[in-house]
Amino acid sequence: MTVDGVGTDIRALVEDERRSWGEFQALLASLSPEQAERPGYFLEGWSAKDLLAHVAGWLAEAGQVLEQVRVGSYTGRDEVGVPLGQGMDIEGRNAVFLEANRPQPLRVVHAEAYAARTRLLQDVGQLVGITAVADLWLRKAGPEHYAEHLPRLREWVKELSG
């Protein structure tokens, strides 16, 4: 299946997502629960658990968009009318994801991430044709987002292991 008018191989994109997710999860799994909750992943005080919550939040956002695309209700705006993508308050969303998940146990954040990712991939599988919007959200929430965070996560795991 390719993206309508764009020519992206969705199978290759999903495989890239799976491969990147696998590395992301393997790195997180190498940390003890205490290490996963230790601040320092980002100078702003994020832990690896906070990173996972951040990724889970964007996977959930992408899943919502893909569901809307699938059922034909996608308007390009979120539930309160803010345009998705350009003009979106990304830092504001990041703060919401962080605040909502900081008090949650690590196992709950893991469960949220797995559930959001599963939903996203199910929605991809149910799309009749992959639109440019679906392609963009899958890339941005999945493999491109993991790639953005994997270098620092690799470093952080080394720091904690050393």
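I began with K49, which is buried, with a relative accessible area of 4%. I note that the model is a predicted one.

**K49 and its partner**

I looked for the partner of K49 and found E37; their side chains meet in a salt bridge (3.7 Å, N to O). K49 sits in helix 3, and E37 in the loop between helix 2 (33-36) and helix 3, 12 residues apart. E37 is partly exposed, at 39% relative accessible area.

**Other salt bridges**

I searched the whole structure and got 14 salt bridges. Side chains of opposite charge can pair when their charged atoms come close.

I checked E23 and R154 next. Their side chains form a salt bridge (2.6 Å, N to O). E23 is in helix 1 (residues 10-29) and R154 in helix 7, 131 residues apart. E23 is partly exposed at 31% relative accessibility, and R154 is partly exposed at 35%.

Then I turned to R119 and E67. The closest N and O atoms of this salt bridge are 2.2 Å apart. R119 lies in helix 5 (residues 106-126) and E67 in helix 3, so the pair ties together parts 52 residues apart in sequence. I also found a network of salt bridges linking E67, R70, R119 and D123.

**Helix 3 against helix 7**

Which way do helix 3 and helix 7 run relative to each other? I found that their axes come within 12 Å and cross at roughly 170°. Angles over 145 degrees count as roughly antiparallel, so helix 3 and helix 7 are roughly antiparallel to each other. Helix 3 contributes A48, L51, H54, V55, W58 and L59 to the contact, and helix 7 contributes H145, Y146, H149, L153 and W156.

Definitions and conventions. Residues numbered from 1 in each chain as written. Predicted model: local features only at pLDDT ≥ 70, side-chain atom pairs only at ≥ 80, totals over all residues. Heavy atoms only, no water. Axes fitted to C-alpha atoms, helices over the stretch in contact; angles between N-to-C directions. Helix = DSSP H or I, 4+ residues; strand = E, 2+ residues; numbered from the N terminus. Parallel < 35°, antiparallel > 145°, perpendicular 65-115°, else oblique. Contact = heavy atoms within 4.5 Å. Salt bridge = Lys/Arg side-chain N within 4 Å of Asp/Glu carboxyl O. Buried < 20%, exposed > 50% of the residue type's maximum accessible area, 1.4 Å probe, protein only.
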